[in-house]
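Visitor: I would like to learn how to read the packing of helices and strands. Please take me through one example.

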Amino acid sequence: MIYKKLGRTGEKIPAIGMGTWKLGANPEDEIHAIREGIRLGMNFVDTAEMYHTEQIVGEALKGQDDVFVATKVSPDHLRYKDVIKACDQSLKTMGIKTIDLYQIHWPNPNIPISQTMQAMERLVKEGKIRHIGVSNFLPEELVEAQEAMKSNEIVSNQVEYSVLARDIEKELLQICTKAGITVIAYSPLARGSVYNGKDKAFSILDKIAKKHNKTIAQVSLSWVIEKEDVIAIPKTASPDHMAENASASEFKLDKEDLEQIDSIRTGFMPISRRLNRFTKRTSILWSKLMEKRESLRKFKI
Ligand SMILES: NC(=O)c1ccc[n+]([C@@H]2O[C@H](COP(=O)([O-])OP(=O)(O)OC[C@H]3O[C@@H](n4cnc5c(N)ncnc54)[C@H](OP(=O)(O)O)[C@@H]3O)[C@@H](O)[C@H]2O)c1
């Protein structure tokens, strides 16, 4: 497994972690699969109160050391008191004392972000969470959330990214990379669609997979994590797929492969098209973000 920086914290996380959305059909097998993933070095587990998989994650964590736990607060729980309550509930459900990364699942325009970020900072102070992250945030939402904080940096933005879903390349990826915000790529296998063997994308992926004696899933994951400061969190309930996914970090695509994959254009529909935007204000938004982040750093020294 290769490791990447978590934001600007100096902490390292695996380039391939585990997603848990839609687990729950066979908890025993899934717990076994998560433990297998941990054993193979994917010691980053992503869940959310909304997924109803925190209990399975909590079970899988029993007796395991050194697992990085990421969960999320739902968009309807972003008022100050609700954030605190949701966090307490997640800790209780998973049976743990600290969440490593607490993420805002989706922004909610009806709740002032300052309320949410103040609550997040309180949770850090109380030791209930270690790091603050967001998910599905646009560049200007990142700026607002960062500006609302008094002493913490946003360490990550979890967004959809795969060979078939490239919206963040328009602007967001660049801003996050330059600001030192880790991109956690969700649905990195396009929810299984990388295996839809009909179109040109499939034949490109299939050819590259055969060339390296790897699977299409491994090629797809390798492409995602080849980007600086991007990690991937594929979901699988199968121990075999878990092993496949874990070893995707152990080979590298060559220049020709990367060019061919970069040329893929499909009609694949991402979960949301909100990240498919280019504001033409990239450098202004980045500067604003950095101004606040650097001032927090000075304050800490
Ligand atoms: N923040 C957000 O708003 C948000 C939104 C969506 C997802 N997420 C997070 O991202 C995680 C991953 O995304 P996702 O679950 O949407 O989709 P995904 O990881 O892109 O794809 C999951 C699908 O791929 C299959 N799969 C996994 N490994 C495979 C392999 N090696 N070979 C063949 N098939 C394989 C899985 O089936 P098997 O189980 O049979 O292997 C499943 O059907 C989620 O679980 C969740 O934690 C976050």
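**Helices, sheet and ligand**

Guide: Helix 1 (residues 27-39) and helix 9 (residues 239-246) have axes that come within 9 Å and cross at roughly 20°. That makes helix 1 roughly parallel to helix 9, since angles under 35 degrees count as roughly parallel, over 145 as roughly antiparallel, 65 to 115 as roughly perpendicular and the rest as oblique. This is a predicted model, in which local features need pLDDT of at least 70 and side-chain atom pairs count only at pLDDT 80 or more, while totals for chains, interfaces and linings use all residues. Residues are numbered from 1 along each chain as its sequence is written.

Visitor: Which residues of helix 1 and helix 9 make the contact?

Guide: His-32, Ala-33, Glu-36 and Gly-37 of helix 1 meet Pro-239, Met-242 and Ala-246 of helix 9. Contact here requires C-beta atoms, placed from the backbone, to lie within 7 Å. By class, these residues are 4 nonpolar, 2 polar and 1 charged.

Visitor: How is a pair such as helix 8 and helix 9 described?

Guide: Two packed helices are described by the angle between their axes and the distance between the axes. Axes are lines fitted to C-alpha atoms, for helices over the stretch in contact, and angles run from 0 to 180 degrees between N-to-C directions. The axes of helix 8 (residues 216-225) and helix 9 cross at roughly 40° and come within 9 Å. Helix 8 is therefore oblique to helix 9. Ala-217, Gln-218 and Leu-221 of helix 8 touch His-241, Glu-244 and Asn-245 of helix 9.

Visitor: What is the strand order in the open sheet?

Guide: Strands pair if DSSP finds at least two bridges between them. The open sheet has 7 strands in the order 3-4-5-6-7-8-9, with parallel pairing. Strand 3 (44-46) and strand 9 (230-232) are the edge strands, each pairing on one side only. Strand 7 (residues 154-160) and strand 8 (residues 182-186) run parallel and are joined by 5 bridges. Gln-158 stands opposite Ile-184 in strand 8. Helix 3 (residues 80-94) packs on the sheet and touches strand 4 (68-73), strand 5 (99-104) and strand 6 (129-135).

Visitor: How many residues surround the ligand?

Guide: A residue is near a molecule if its C-beta atom, placed from the backbone, lies within 6 Å of it. The ligand is surrounded by 26 residues, the closest being Gly-19, Trp-21, Tyr-186, Lys-235 and Thr-236. Helix 9 supplies the largest share of this shell, 3 residues.

Notes
Helix = DSSP H or I, 4+ residues; strand = E, 2+ residues; numbered from the N terminus. Contact = placed C-beta atoms within 7 Å. Nonpolar A, V, L, I, M, F, W, Y, C, P; charged D, E, K, R; others polar.
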